[in-house]
Amino acid sequence: MIPAAVGDVSLVVAVLFSLLGLLAAVAAWYSRDARYIQMAKRAALVSFLGTLAAFAALEWALLSDDFSVIYVASNSTRANPTWVKFATLWAALEGSILLWALFQTLYTWLAGRRMRDYWISPVALGTLFVIQLFFLVNVLFVINPFIVLPHPPSDGPGPNPLLQNHWMMAVHPILMYLGFVGLSVPFAYAIAAMWTRRYQTWVTETKWWLIIAWGFLTAAIYAGGWWSYEVLGWGGYWGWDPVENASFIPWLLATAFLHTAMVQERRGLFRTWNFALVTLAFAATVFGTFLTRSGVIESVHAFAGGPVGPIFLSFLLVILAVGFGLLGRVSSEVRDVGAVQPLSREGLLLFGALVLVTMAFVVILGTLFPLLVEAFNGAKVSVGAPFFNQLFVPLGYLLLLLMGLGPVLPWRRAEPETLRVVVWMAIALVLGTALGLVVGWTLWVSLTVGFVLFNLVALGWLSFGPALRRARATGASPLKTFFSQFAHSHRRFGGYTVHLGVIVAALAISFSQSYRLDVQKTLDIGQKWNVVGRDIVVHKLRLVREPYRDSVVADVEVSGLGVAHPRLNYYRSSQTPFASPAVTYTWLKDYYLVLQAFDQEKGSWVTLRLVVTPLVLWLWISAGIIIFGTLLILWPTAAPVAGSEVSREAAI
Amino acid sequence: MRAKYLIGFLIILAAIGYLAWGGLGKSLVYYVLPSEYADNPAKYAGKRVRLGGLVKQGSVHFNPKTLELKFVVTDGVVDIPVEHTGTPPELFKDNQGVVVEGHFEGNVFKGDNLLIKHSESYQAPRKGEYTPDEVRKLLKEAK
């Protein structure tokens with residue numbers, strides 16, 4: 001009761017101060033008075049604190065089992081452990097939109113702190129206030145989690161068991177929203193840039209927001225894949241499920257924008273592209289939410305329909321209309337001066353961005369096609385993984401090619417000196433592919449190995465070449481020179497590190513998708529099963545009782561790898577059991593065991609499913625490499641001149 | 001110079017378009033009920049299909065040693081025999097809503113993925129007394 005009142009009042013405060021902030025931003029624009037910007041910034045802080053209080057109120061209700069609050073009554077249950085109760089806040093629609101609103105208000109406040117001028121600031125802040133108002137008004141009026149039930153139940157059903165099965169599910173949505181919301185800041189600046197006709201600086205000013213958002217999106221997609229692998233029990237990490245696609249589309253577009261933004265920063269080109277790409281990337285985050293939250297598709301995320309589908313669709317259309325409407329108005333002014341040589345770094349960056357945009361459209365097409373077919377002839381269809389794979393394999397190789405070549409080529413035009421390293425890269429490509437074919441790998445896997453070597457030569461040359469040349473000239477130790485260069489330009493090396501991570505991921509994906517063993521067998525307790533060169537024995541079957549679930553656990557020994565514990569969990573809230581696979585990682589292969597069934601009378605036999613997949617561990621390692629690289633890019637430059645934003649930006 | 005790259009770009013675009021169109025046609029997975037299949041079996045020959053329906057009363061045969069599972073999927077009008085390899089999911093039983101993914105071989109449906117469509121509020125229909133529309137509604141509402 002009390003938490004609900006606190007939550008509602010806090011939300012009202014947040015909405016009112018967002019409105020106040022919006023009005024202050026409008027006033028700042030018309031009066032050109034910087035005091036109004038100060039006012040808008042303060043309003044942003046208050047509405048963030050208001051949303052934080054609403055968030056705290058809902059957590060309070062969840063943790064104190066207050067079933068008079070509708071969100072708690074429909075999504076929580078008494079017996080759950082505390083961390084599950086805490087994470088239940090973002091396990092259903094209302095709470096997750098509240099979390100989104102919380103991050104949006106936080107980012108508005110943080111982004112506002114850096115704004116000073118009275119040209120861009122009022123429009124950028126105003127745009128951010130409009131975005132956060134959209135979420136806050138929805139939480140307050142359309143999908144309010146704080147509605148008080150006149151007859152509270154004594155207990156609730158609890159969240160979807162799939163979401164309680166792994167701690168990763170508590171982390172994945174937070175990462176995803178931090179990524180989604182992060183894209184709103186570059187979008188708001190882009191709107192401001194088009195509105196005020198100052199087309200150049202917004203890219204530099206929002207560069208860090210973009211990289212942070214990209215890092216969170218990447219981490220979130222990996223977290224989702226990891227969850228899928230460790231929880232769902234089908235032995236895969238990516239199934240081209242509409243939900244996965246919904247997170248992948250903004251990532252592809254943000255990656256494309258990240259690369260073309262670099263060109264605008266360095267050479268002032270691709271302004272039109274950047275306005276279009278940032279609009280599409282931000283719109284894609286709302287599109288993903290529409291897709292997953294409106295019930296048009298079936299998934300774990302598809303919470304009961306409700307009115308949010310049309311509302312999000314309208315918001316999506318507004319974003320696209322505003323972004324492209326403004327771009328249409330100023331398009332003649334933003335046209336690039338100077339031509340782009342196709343065989344230059346900017347030429348290949350543009351080409352790479354086009355490949356990424358194409359990938360995004362392939363995903364959109366594959367995701368929406370079933371809806372189109374059903375609308376036209378009523379047939380119910382789904383688009384299978386083969387469609388996506390067929391297109392992503394060639395596009396992926398194209399991307400690997402451009403990824404190696406782009407950074408090697410200099411800006412403006414290709415120079416003869418770079419030809420030598422390109423020849424070495426080509427040799428590595430041919431040798432790698434030939435080696436793969438000799439070993440007996442499939443053509444596609446061999447080609448991936450070739451492209452991995454191709455990229456490694458490029459990255460090696462880019463990383464160590466300058467140090468070696470300099471060491472030769474100065475006579476210093478090459479290693480020392482390398483480390484001093486690394487420390488001095490860690491941002492450049494951060495970019496290379498991210499590319500290295502992508503290459504490792506490509507290798508892991510290629511092998512794990514091509515070579516996979518999936519077998520099932522029914523074993524008596526103690527019976528030996530010899531498979532893939534290992535002996536598998538089920539020693540024991542036991543029942544584990546926990547307050548919120550019962551589990552049947554099999555103790556399975558895999559020779560040389562120890563004992564694994566695949567289990568079936570029976571949640572109180574569901575009649576369906578949930579299999580919790582046991583994964584044993586080794587450097588080259590994963591042993592993935594699922595308890596499929598067991599003898600319910602005497603416990604004398606079990607049915608096991610064994611999936612052996614190569615290099616999956618390296619996929620998770622690649623996540624670590626990419627995140628490390630992103631942190632290297634974001635790491636502040638050593639000893640910036642105190643208080644001088646300008647010199648820091650210039651040094652980059 | 002510009003025209004040359006434009007042509008190259010268009011060729012790539014055309015190739016992708018061709019792949020996309022062909023790929024869509026081939027990798028569409030149709031979702032049908034037994035009576036919808038019976039209306040036009042030729043349409044689904046050699047294609048991947050998701051077959052929805054209820055497990056017919058008394059039709060389940062499972063051998064835990066060989067993991068061979070045989071049962072009949074029905075929507076009250078048409079019956080289709082299904083062969084599947086693998087353990088049936090926990091809630092697999094008579095009159096349970098199921099969706100099987102696989103393909104037709106003659107009159108037999110060879111499944112490779114079996115999903116339970118279980119509704120917490122659903123009451124098992126009395127023997128045989130349901131129509132395809134009711135089955136469709138049940139499968140849609142179930143999780």
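Chain A folds into 22 helices and 11 strands, counted as DSSP runs from the N terminus (H or I of at least four residues for helices, E of at least two for strands). Keep in mind that this is a predicted model, where local features need pLDDT of at least 70, side-chain atom pairs count only at pLDDT 80 or more, and totals for chains, interfaces and linings use all residues. Residues are numbered from 1 along each chain as its sequence is written, chains are lettered from A in the order written, and side-chain values use heavy atoms, leaving out hydrogens and water.

How does the chain pack overall? The C-alpha trace spans about 80 × 70 × 60 Å along its principal axes. Of the 652 residues, 56% are buried, meaning under 20% relative accessible area with a 1.4 Å probe, protein chains only.

Now zoom in on one hairpin. Strand β9 (residues 582–585) of chain A connects to β10 (residues 589–598) through 3 residues. The two run antiparallel, with 4 bridges between them; strands count as paired if DSSP finds at least two bridges.

In β9(A), Ala582(A) and Thr584(A) sit on the covered face, while Val583(A) and Tyr585(A) are on the uncovered one.

Terms used: Buried means under 20% relative accessible area, exposed over 50%, partly exposed in between (1.4 Å probe, protein chains only).
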